[in-house]
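Please read it alongside the sequence and the coordinates.

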Amino acid sequence: MKQITAIIKPFKLDEVREALGELDVNGLTVTEVKGFGRQKGHTELYRGSEYVVDFLPKIRIDIVVPAERCDSVIEAIIKAARTGKIGDGKIFVTNVEQVVRIRTGEAGAAAI
């Protein structure tokens, strides 16, 4: 099993969720986060004063899928989240050793 963590722009969340729904991805966790990469934030004007916004709002999506479905899920996220501009985000993939469903005690792929 693989855990896919995608950091995307907030306005792309609905498109990514729909793309994952088409692949029958049943569960995901969404978290509002802040961060920056190469774009390094930006400056804004507020009441006549200029200030730097270092951390930009992003959305973090966590999904656990069987290893054989990992590539298709990644492709769907890329297709739905890409704008072609700086700050589109990143995808991280890690191995998951064990999954247990708390309610039933199911383990492994049955718990996903």
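E68 sits in the loop between strand 5 and helix 2, where helices (H or I, at least four residues) and strands (E, at least two) are DSSP runs numbered from the N terminus. With a relative accessibility of 66%, E68 counts as exposed; exposed means over 50% relative accessible area, buried under 20%, and partly exposed in between (1.4 Å probe, protein chains only). The C-alpha atoms of E68 and M1 are 8.3 Å apart, although 67 residues separate them along the chain.

The model is predicted: local features need pLDDT of at least 70, side-chain atom pairs count only at pLDDT 80 or more, and totals for chains, interfaces and linings use all residues. Residues are numbered from 1 along each chain as its sequence is written, and side-chain values use heavy atoms, with hydrogens and water left out.

**Fold and dimensions**
- The protein chain contains two helices and six strands, in the order β-α-β-β-β-β-α-β from the N terminus.
- The C-alpha trace spans about 60 × 30 × 20 Å along its principal axes.
- The radius of gyration of the protein chain is 17 Å, whereas a compact globule of 112 residues would have one near 13 Å; the value is taken over C-alpha atoms, and the globule rule is 2.2 Å times the number of residues to the power 0.38.
- Of the contacts with a separation of 6 or more, 72% join residues 24 or more positions apart, a contact being heavy atoms within 4.5 Å.

**Nonpolar core**
- The largest nonpolar core has 18 residues, and V16, I63, V73 and I77 have the most contacts inside it; such a core is a set of buried Ala, Val, Leu, Ile, Met, Phe, Trp, Tyr and Cys residues joined through side-chain atoms within 4.5 Å.
- Strand 1 (2-8), helix 1 (13-22), strand 5 (56-65) and helix 2 (70-81) each supply at least two residues of this core.
- Helix 2 gives the largest share, seven residues.
- Beyond residues up to four places away in sequence, I77 touches I4, A6, V16, L20, I63 and I91.

**A buried lysine**
- K9 lies in the loop between strand 1 and helix 1.
- K9 counts as buried because its relative accessibility is 15%.
- Neighbours within four places in sequence aside, K9 contacts K58, T83, K85, I86, G87 and D88.

**Burial and charge**
- Buried residues are 29% of the 112 in the protein chain.
- There are 17 positive and 16 negative side chains, and the centres of the two sets lie 4 Å apart. Lys and Arg count as positive and Asp and Glu as negative, without His and the chain ends; each charge is placed at NZ of Lys, CZ of Arg, CG of Asp or CD of Glu.
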